[in-house]
Amino acid sequence: MNQHQKPTVGHLIRDWRQLRRLSQLDLALEAEISQKHLSFIESGRSAPSRDMVLHLAENLGVPLRERNALLLAAGYAPVYLERSLEDPGLQAARSAIDLLLKGHEPYPALAVDRHWTLLAANAAVAPLLAGVIEAELLRPPVNVLRLSLHPGGLAPAIVNFAEWRGHLIARLRQQIRATADPVLAELLTELLSYPTPDVPARKGKAKEDSEPPVVVPLQMRFGDSILSLISATTVFGTPVDVTLSELALETFFPADQATAEALRTIAGAG
């Protein structure tokens, strides 16, 4: 294929199959079609129907945005809408997001898009950002991973920085493997280039063969306190809108009673 030519739907399906590390036989069995038919689709000898494109995309776990790209490559119109979160058609979803964020107070919670851009946050988040040195990091659009790991952002306040950084980087790598998003790949390169802040080392050495922790807490220095937070991610179930499919709620819960009391005190002082 000429480098200036747009990839065909067959090439795109093959790329997604290889990204998922499936053979043609594997995917054919999953999709309940013949390997020969799949081979003809990938080589361009057979033009897949609209339903077949969607069927293969479903079996490959292709994100909705990229399913639209597959349909366009096959000569069909996209079927998944992409609207701003402020669109009247998404008002019910936006209200649900605001309700969830507000209901999580006095604990911090925020909503991010596929590139980790901050879309909304509850009142408990702002006090935790008061120590951010680099004002540019707080100017919209705010990237949550950049804000967390940048030495001018939250990094100096994170007590277990190496552990938390490893957790975030692992999540980002997993997301890149799932979506093949070049913007996320660029973000990963940027994050890996940041210098490690000078934070106190943890006492003791972890054994190389020890089991990884089930949950990685975020331990932040706030005034004279150390806040210990456990994060959870919530996504919309079976969305049919691109925007909603790429939106995630990041909620933080206190890992101990001292943190719970500190967060309630911070909220009361706000």
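Hi everyone. What we have is a predicted model, where local features need pLDDT of at least 70, side-chain atom pairs count only at pLDDT 80 or more, and totals for chains, interfaces and linings use all residues. Residues are numbered from 1 along each chain as its sequence is written, and side-chain values use heavy atoms, with hydrogens and water left out.

Let's start with the overall picture. The protein chain has 11 helices and 5 strands; these are DSSP runs numbered from the N terminus, helices being H or I of at least four residues and strands E of at least two. Along the principal axes, the C-alpha atoms fill a box of roughly 70 × 50 × 35 Å. Of the 270 residues, 39% are buried. Buried here means under 20% relative accessible area, exposed means over 50%, and partly exposed is in between, with a 1.4 Å probe and protein chains only. Among contacts between residues at least 6 apart in sequence, 58% join residues at least 24 apart, where contact means heavy atoms within 4.5 Å.

How do α1 and α4 pack? Helix α1, residues 9–19, and helix α4, residues 50–60, pack at an angle of about 15°, with axes 10 Å apart. Those axes are lines fitted to C-alpha atoms, for helices over the stretch in contact, and angles run from 0 to 180 degrees between N-to-C directions. That makes α1 roughly parallel to α4; the cut-offs are under 35 degrees for roughly parallel, over 145 for roughly antiparallel, 65 to 115 for roughly perpendicular, and oblique for the rest. From α1 the contact uses Val-9, Ile-13, Trp-16 and Arg-17, and from α4 it uses Val-53, Leu-56 and Leu-60. By class, that is 6 nonpolar, no polar and 1 charged residues. For the classes, Ala, Val, Leu, Ile, Met, Phe, Trp, Tyr, Cys and Pro are nonpolar, Asp, Glu, Lys and Arg are charged, and the others, Gly among them, are polar.

α4 also meets α2: their axes come within 10 Å and cross at roughly 110°. That makes α2 roughly perpendicular to α4. Here Leu-27, Glu-30 and Ala-31 of α2 touch His-55, Leu-56, Asn-59 and Leu-60 of α4. This contact divides into 4 nonpolar, 2 polar and 1 charged residues.

And α3? Its buried residues are Leu-38, Ile-41 and Glu-42. Seen down the axis of α3, they fall within an arc of 95°, so they line one face of the helix; the arc is that of the directions from the helix axis to the C-beta atoms. Their cover includes α1, α2 and α4. After α3 comes Gly-44, with a positive phi near 90°.

On to the backbone. Most residues other than glycine have a negative phi, and most peptide bonds are trans. Glu-32, in the loop between α2 and α3, has phi near 60°, and is exposed at 76% relative accessible area. Ala-180, in the loop between α8 and α9, has a positive phi of about 55° and is partly exposed at 43%.

Finally, which bonds are cis? One joins Glu-105 and Pro-106, with omega about 15°, and Pro-106 is in the loop between α6 and β1. Another runs from Pro-140 to Pro-141, with omega near -5°; Pro-141 is in the loop between β2 and α7.
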